[in-house]
Amino acid sequence: MKDFSKELSFKTSRSSGAGGQNVNKVETSVTVLWKVDESEFFNERQKTLIQEKLKNRINAEGFLFLTVSESRTQLMNKNKSIEKILEIVDKALIVPKTRIATKPSRAKKEKRLDTKKKISEKKENRRFKF
């Protein structure tokens, strides 16, 4: 996991939720912004991969943003937002392996047919015969 936290910028705002009167006075909600195109930590291929997978989180100016307001303190929300954005980008960089189509072996086919035959015989024996 690459630590590109030096490239992140932060905005604070008043958050809703727990905190009582404190919520109305203190800006505890933290929004993290990261300009994907201007990153020095990733190559062009990685940047395009991030932009494709996280296109719903990237706005028109090219900023990847994430808002966190889980905690009652700004510092804890800032730390949580850094963790989350690093985790999101790390997951976006994972390229899944391509599936190779395979066929079932002869033994597996025979076993399947054999169990089908046994079940069929068992049900046939349950029938009432005249």
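I count a contact when heavy atoms lie within 4.5 Å. The model is predicted.

**Entry 1: the meeting of two helices.** I looked up where helix 2 and helix 3 touch. L49, I50 and K53 of helix 2 meet V89, K91 and A92 of helix 3. I then took the two axes. They come within 9 Å and cross at roughly 105°. That makes helix 2 roughly perpendicular to helix 3, because angles of 65 to 115 degrees count as such.

**Entry 2: length of helix 3.** Helix 3 covers residues 74-92, which is 19 residues. At 1.5 Å a residue I should find a span of 27 Å. The end C-alpha atoms are 27 Å apart, so the expectation agrees with the model.

**Entry 3: faces of helix 3.** Which residues of helix 3 are buried? I listed N77, S81, I82, I85, L86, V89 and A92. They cover an arc of only 165° around the axis, which puts them on the same side of helix 3. An α-helix has 3.6 residues a turn, so residues three or four places apart point the same way. On the other side of helix 3, I found M76, E83 and K91 exposed.

I also checked what the buried residues pack against. For helix 3 the partners are strand 1 (9-13), strand 2 (29-35), helix 2 (44-53) and strand 3 (63-68).

**Entry 4: faces of helix 2.** I repeated the check on helix 2. Q46, K47, L49 and I50 are buried there. Their arc is only 160° around the axis, which puts them on the same side of helix 2. E44, R45 and E52 are exposed on the other side. The buried residues of helix 2 pack against strand 2 and helix 3.

**Entry 5: the nonpolar core.** Which residues touch the most other members of the largest nonpolar core? The core has 17 residues, and I get W34, L64 and V89. Strand 2, strand 3 and helix 3 each supply at least two residues of this core. Helix 3 gives the largest share, five residues. In soluble globular proteins, nonpolar side chains tend to be buried together.

Leaving out residues up to four places away in sequence, V89 touches F4, W34, F42, I50, L54 and L64. I had already noted V89 among the buried residues of helix 3, and I50 among those of helix 2.

Conventions
Residues are numbered from 1 along each chain as its sequence is written. This is a predicted model: local features need pLDDT of at least 70, side-chain atom pairs count only at pLDDT 80 or more; totals for chains, interfaces and linings use all residues. Side-chain values use heavy atoms; hydrogens and water are left out. Helices (H or I, at least four residues) and strands (E, at least two) are DSSP runs, numbered from the N terminus. The expected span of a helix is 1.5 Å times one less than its number of residues. Buried means under 20% relative accessible area, exposed over 50%, partly exposed in between (1.4 Å probe, protein chains only). The arc is that of the directions from the helix axis to the C-beta atoms. A nonpolar core is a set of buried Ala, Val, Leu, Ile, Met, Phe, Trp, Tyr and Cys residues joined through side-chain atoms within 4.5 Å. Axes are lines fitted to C-alpha atoms, for helices over the stretch in contact, and angles run from 0 to 180 degrees between N-to-C directions. Angles under 35 degrees count as roughly parallel, over 145 as roughly antiparallel, 65 to 115 as roughly perpendicular and the rest as oblique.
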